[in-house]
Amino acid sequence: MKYISILGSTGSIGTQALDVVRGHSDKIKVAAISGNTNIELLRKQILEFNPDLCCVMDDNNALELKKHLPPHTRTEIVSGMEGLIAAAEYEKSQIIVTAVSGMIGLKPTVAAVKKGKTIALANKETLVTGGNYIMNLSKKYKAPIIPVDSEHSAIFQCLMANENKAVNKIILTASGGPFRGKDKEFLKTVTVEDALKHPNWSMGKKITVDSATLMNKGLEVIEAKFLFGIDPEQIEVIVHPQSIIHSGVEFIDHSTLAQLGLPDMRIPIQFALFYPNRMENNYKSLSLTDIGTLTFEKPDLKTFKCLSLAFEALKAGGTMPAVLNASNEACVKLFLDKKISFLDIGNINEKVMLSHSPLEIDSIETILEAEEWTKQTVKKYI
Ligand SMILES: NC(=O)c1ccc[n+]([C@@H]2O[C@H](COP(=O)([O-])OP(=O)(O)OC[C@H]3O[C@@H](n4cnc5c(N)ncnc54)[C@H](OP(=O)(O)O)[C@@H]3O)[C@@H](O)[C@H]2O)c1
């Protein structure tokens with residue numbers, strides 16, 4: 001029996017991870033879960049999965065949850081960052097699914113790595129901000145990082161067949177989001193509701209907006225660089241609107257492997273939870289004849305500048321990716337709160353990057369200080 005902790009069990013990835021557990025309850029059990037605002041769902045999850053530990057980020061929400069649980073519920077309720085770290089370090093858990101959204105995932109992921117846990121990494125912000133610092137910790141503490149992001153899971157699976165050093169390039173696919181093919185004039189007036197209509201995937205709000213700006217692909221470029229130890233010049237982003245080819249790898253002999261599947265995040269989640277084994281499930285099978293046509297385009301880097309900013313952040317190195325990520329987090333929140341426009345997201349990210357001089361990352365504090373600096377700097381540009 002494997003035990004897991006799910007950080008962010010109430011979110012899109014978290015609930016799908018629980019669905020994977022539901023399908024394999026004889027092999028995998030949930031020891032710890034966490035949420036932030038959705039205490040009704042946490043209550044249901046506690047009753048169904050009976051975890052030892054549940055963290056609610058907000059103290060008041062934690063008290064509220066306790067009130068609504070039946071007497072004699074055995075699950076211990078904890079709160080705050082301490083509670084989230086307790087769920088990440090939980091002794092019984094061998095695998096930690098990091099499915100919180102944003103940089104809040106950094107500290108608990110580092111804590112889990114230092115305990116030598118296997119990380120099923122959905123929270124890409126951890127690698128984007130921590131980069132080589134996280135990868136070095138993962139080596140030092142023998143804590144494998146298995147990607148959950150469908151693109152990185154695809155690349156990981158392609159690389160399983162070959163050694164890393166034989167790679168020519170990584171082909172990272174992008175759906176293009178809801179505004180594929182649109183120009184700046186069109187984007188001037190798009191609303192939050194428009195940006196939240198992703199054509200293929202149903203995801204949390206932050207990543208859905210990131211998919212619309214192509215920042216999500218930018219963050220994935222940064223994630224891929226660190227996860228696979230590859231140069232940014234070896235990463236080619238292509239737009240593939242059907243989201244069937246999840247990504248691929250071209251090797252030095254110009255042979256290319258790709259991983260295909262329907263857009264269903266339970267597939268890469270299940271892969272990460274049972275790696276290196278493959279398990280059966282009852283998910284829908286891919287029928288290429290039903291799909292008929294797969295198409296590919298170059299991304300429009302001029303209109304969707306967030307993707308180019310990600311490559312620039314990698315070139316600048318040090319704390320620059322963390323700054324871009326923190327700026328983007330702040331901007332997406334401002335956009336969702338209807339305080340800035342869609343195009344402001346890229347424009348502010350660019351201004352923040354231009355005013356930052358990157359520092360080498362030697363500790364988690366350097367990353368958190370860069371985040372704080374960024375939060376203050378974003379305010380200047382609103
Ligand atoms: N969704 C996808 O298909 C997908 C694919 C690839 C990668 N990812 C990555 O996976 C991560 C999660 O994405 P998602 O789409 O699942 O997000 P989501 O649906 O918004 O869920 C986020 C989870 O984090 C919790 N949370 C939010 N703010 C928090 C805070 N300040 N402190 C503690 N917990 C907090 C939420 O709790 P409450 O709901 O209780 O408030 C929820 O459980 C992101 O890093 C994303 O980039 C997602």
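Q: What is the strand order in the open sheet of four strands, and what is the pairing?
A: This is a predicted model. The open sheet runs 9-8-10-11, and its four strands pair in a mixed way.

Q: Which strands stand at the edges?
A: Strand 9 (235-239) and strand 11 (256-260) do. Each has a single partner strand, so one side of each lacks a neighbour in the sheet.

Q: And the twist, what does that average from one strand to the next?
A: The average is 20°.

Q: Back to strand 9. How many of its five residues are buried?
A: Four of the five, so the rest of the structure largely encloses strand 9.

Q: How many bridges pair strand 9 with strand 8, and in what sense?
A: Five bridges, in the parallel sense. Within strand 9, valine 239 stands opposite alanine 174.

Q: Which helix lies across those two strands?
A: Helix 11 (residues 215-228) lies across strand 8 (167-174) and strand 9. Helix 11 runs at about 150° to strand 8.

Q: Other end of the sheet. How do strand 10 and strand 11 run?
A: Antiparallel, with five bridges joining strand 10 (residues 245-251) to strand 11.

Q: Switching to domains. What does the assignment give?
A: Domain 1 (2-147) and domain 2 (152-314). Their centres, taken over C-alpha atoms, are separated by 25 Å.

Q: How many residues are in contact between them?
A: 25 residues of domain 1 contact 27 residues of domain 2.

Q: What about the largest nonpolar core? Which residues touch the most other members?
A: That core has 118 residues. Ile4, Leu65, Phe228, Leu273 and Phe342 touch the most other members.

Q: Which helix gives the most to this core?
A: Helix 15 (residues 320-336), with nine residues.

Q: Where does the core lie relative to domain 1 and domain 2?
A: Between them, because both domains give residues to this core.

Q: Take leucine 273. What does it touch, beyond residues up to four places away in sequence?
A: Leucine 273 touches Lys2, Ile4, Val20, Ile28, Ile95 and Val97.

Q: Now serine 5. Where is it placed?
A: Serine 5 sits in strand 1 (residues 2-7).

Q: Is serine 5 buried or exposed?
A: Buried, because its relative accessibility is 0%.

Q: What lies 2.7 Å from a polar atom of its side chain?
A: The backbone oxygen of alanine 87. Setting aside neighbours within four places in sequence, serine 5 is in contact with Ala32, Ala87, Tyr90, Ser93, Ile95, Ile96 and Val97.

Q: Ala32, then. What is its bridge partner in strand 3?
A: Leucine 53. Strand 2 (residues 28-35) and strand 3 run parallel, joined by four bridges.

Q: Are the faces of strand 3 covered or open?
A: Both are covered. Leu53 and Cys55 are buried on one side of strand 3 (residues 53-56), and Cys54 and Val56 are buried on the other.

Q: Why would neighbours in a strand end up on opposite sides?
A: Because side chains in a regular strand alternate between the two faces of the sheet.

Q: Last one, leucine 63. Buried or exposed?
A: Exposed, because its relative accessibility is 52% and the cut-off is over 50%. Leucine 63 lies in helix 3 (residues 59-67).

Note on methods
Residues are numbered from 1 along each chain as its sequence is written. This is a predicted model: local features need pLDDT of at least 70, side-chain atom pairs count only at pLDDT 80 or more; totals for chains, interfaces and linings use all residues. Side-chain values use heavy atoms; hydrogens and water are left out. Buried means under 20% relative accessible area, exposed over 50%, partly exposed in between (1.4 Å probe, protein chains only). A polar contact is a pair of N or O atoms within 3.5 Å; within protein, one must be able to donate a hydrogen and the other to accept it, and residues adjacent in sequence count only if both atoms are side-chain atoms. Contact means heavy atoms within 4.5 Å. A nonpolar core is a set of buried Ala, Val, Leu, Ile, Met, Phe, Trp, Tyr and Cys residues joined through side-chain atoms within 4.5 Å. Domain bounds come from an automatic or database domain assignment. Two strands pair if DSSP finds at least two bridges between them. Axes are lines fitted to C-alpha atoms, for helices over the stretch in contact, and angles run from 0 to 180 degrees between N-to-C directions.
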